Amino acid sequence: VMVADVDLAPPRTSAGIPVTVAAPPSAAAAVEVALESFPGIVAALERWFGPYPLDGFGIAVAPAPLGFAALETQGMVVFDQRALDDPAAVVLAHEVAHQWAGNHVIPERWEDVWLSEGLATYAEWLWFEASLDRPADLLAGLYCDDAGPDGLLPPADPPLDALFGPSTYGRGALAFHALRQAIGDDAFAEVLMTWFDRFGGGPASTDDLVSLVAELEGEAAATFLRRWAQDPAPPTGAAPGLTGSVGACDGS
């Protein structure tokens with residue numbers, strides 16, 4: 001809940017979606033920056049996730065700094081103003097993705113939160129590709145170079161004190177990227193669209209995603225994804241029968 005003295009603007013349509021803004025006057029410029037990026041973000045994510053799943057989107061800007069960049073409250077995301085005032089719109093892309101991953105399909109257990117945070121982080125990489133026409137491989141490589149051991153813990157089996165640690169976000173994103181490389185773009189989009197169509201409106205687990213990948217792409221792909229999600233160290237090569245893999249990513 002955000003209790004604040006803000007202006008509530010009438011909904012405006014962007015990307016065919018009603019967008020409501022609740023923000024202090026000081027945030028007006030940051031909101032406009034965000035709204036310029038919003039249609040492109042929606043288009044980029046619909047290419048992989050399928051149709052935007054809600055009836056609207058909202059931007060609620062806190063009038064004072066928060067201890068975090070944003071919170072993905074369904075349909076009305078709470079932002080720190082500084083997170084919106086970003087031409088690259090990285091945080092906005094993450095929070096728009098959460099309307100699918102985390103709000104439309106929710107984690108069944110806390111251990112499944114990587115399905116939300118890892119995929120929302122990967123959405124940042126997809127937006128990077130769409131907006132700058134540069135491959136997500138670049139961001140995957142940078143993450144591997146900088147992550148260190150804590151950033152490469154198994155995202156689907158995190159220590160309790162690392163539930164929202166860097167591996168949940170970063171190695172979670174790497175798991176989705178590795179799957180995409182292994183099965184190809186069209187198959188990866190089919191997996192994600194089926195995921196949101198089948199489980200939308202309720203909870204889902206890591207096992208559900210692995211089973212879906214097995215159904216659509218075979219056991220080798222499912223085993224590969226499970227290793228990325230649960231093995232103590234990330235896999236360093238492709239599984240038999242698969243052609244793609246993230247390069248060596250050992251936290252060294």
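Ala175 is buried, with a relative accessible area of 1%; buried here means under 20% relative accessible area, exposed over 50% and partly exposed in between, with a 1.4 Å probe and protein chains only. The model is predicted, so local features need pLDDT of at least 70 and side-chain atom pairs count only at pLDDT 80 or more, while totals for chains, interfaces and linings use all residues. Residues are numbered from 1 along each chain as its sequence is written, and side-chain values use heavy atoms, with hydrogens and water left out.

**The chain as a whole**

- The secondary structure of the protein chain comes to 9 helices and 8 strands; these are DSSP runs numbered from the N terminus, with helices being H or I of at least four residues and strands being E of at least two.
- A compact globule of 252 residues would have a radius of gyration near 18 Å, and the protein chain agrees with its 18 Å. That radius is taken over C-alpha atoms, and the globule rule is 2.2 Å times the number of residues to the power 0.38.
- Along its principal axes, the C-alpha trace of the protein chain spans about 55 × 35 × 35 Å.
- Of the 252 residues in the protein chain, 52% are buried.
- Among contacts in the protein chain with a separation of 6 or more, 61% come from residues 24 or more positions apart; a contact means heavy atoms within 4.5 Å.

**Surface and charge**

- The protein chain exposes about 11,000 Å², and carbon and sulfur atoms supply 55% of it. Accessible areas come from the Shrake-Rupley method with a 1.4 Å probe, and for residues only the protein chains shown count as cover.
- The protein chain has 10 positive and 35 negative charges, and their mean positions are 4 Å apart.
- Lys and Arg count as positive and Asp and Glu as negative, while His and the chain ends are not counted. Each charge is placed at NZ of Lys, CZ of Arg, CG of Asp or CD of Glu.

**The nonpolar core**

- The largest nonpolar core holds 78 residues, of which Phe49 and Phe57 touch the most other members. Helix α1 (residues 28-49) gives this core its largest share, 11 residues.
- Such a core is a set of buried Ala, Val, Leu, Ile, Met, Phe, Trp, Tyr and Cys residues joined through side-chain atoms within 4.5 Å.
- Beyond its neighbours within four places in sequence, Phe49 is in contact with Ala97, Trp100, Leu119, Ala123, Leu126, Leu192, Met193 and Phe196.

- Ala175 belongs to helix α6 (residues 166-183). Not counting residues up to four places away in sequence, Ala175 touches Trp114, Leu225 and Trp228.
- Ala140 lies in helix α5 and counts as buried at 2% relative accessibility.
- With neighbours within four places in sequence left aside, Ala140 is in contact with Trp125, Leu174 and His177. Ala140 and Trp125 are 15 residues apart in sequence and 8.4 Å apart in space, C-alpha to C-alpha.

**Two prolines in loops**

- Pro154 sits in the loop between α5 (137-146) and α6 and is buried, with a relative accessible area of 10%.
- Leaving aside neighbours within four places in sequence, Pro154 is in contact with Arg171, Ala229, Gln230, Asp231 and Pro232. C-alpha to C-alpha, Pro154 and Pro232 are 5.5 Å apart in space and 78 residues apart in sequence.
- Pro51 is found in the loop between α1 and β4 (57-62) and is exposed, with a relative accessible area of 68%.
- Pro51 and Ser26 are 25 residues apart in sequence, and 33 Å lies between their C-alpha atoms.

**Two alanines with positive phi**

- Ala15 has a positive phi of about 55° although it is not a glycine. Ala15 is in the loop between β2 (12-14) and β3 (17-23), where it is partly exposed with a relative accessible area of 41%.
- Ala89, another residue other than glycine, has a positive phi near 55°. Ala89 lies in the loop between α2 (81-84) and α3 (90-98) and counts as buried at 3% relative accessibility.
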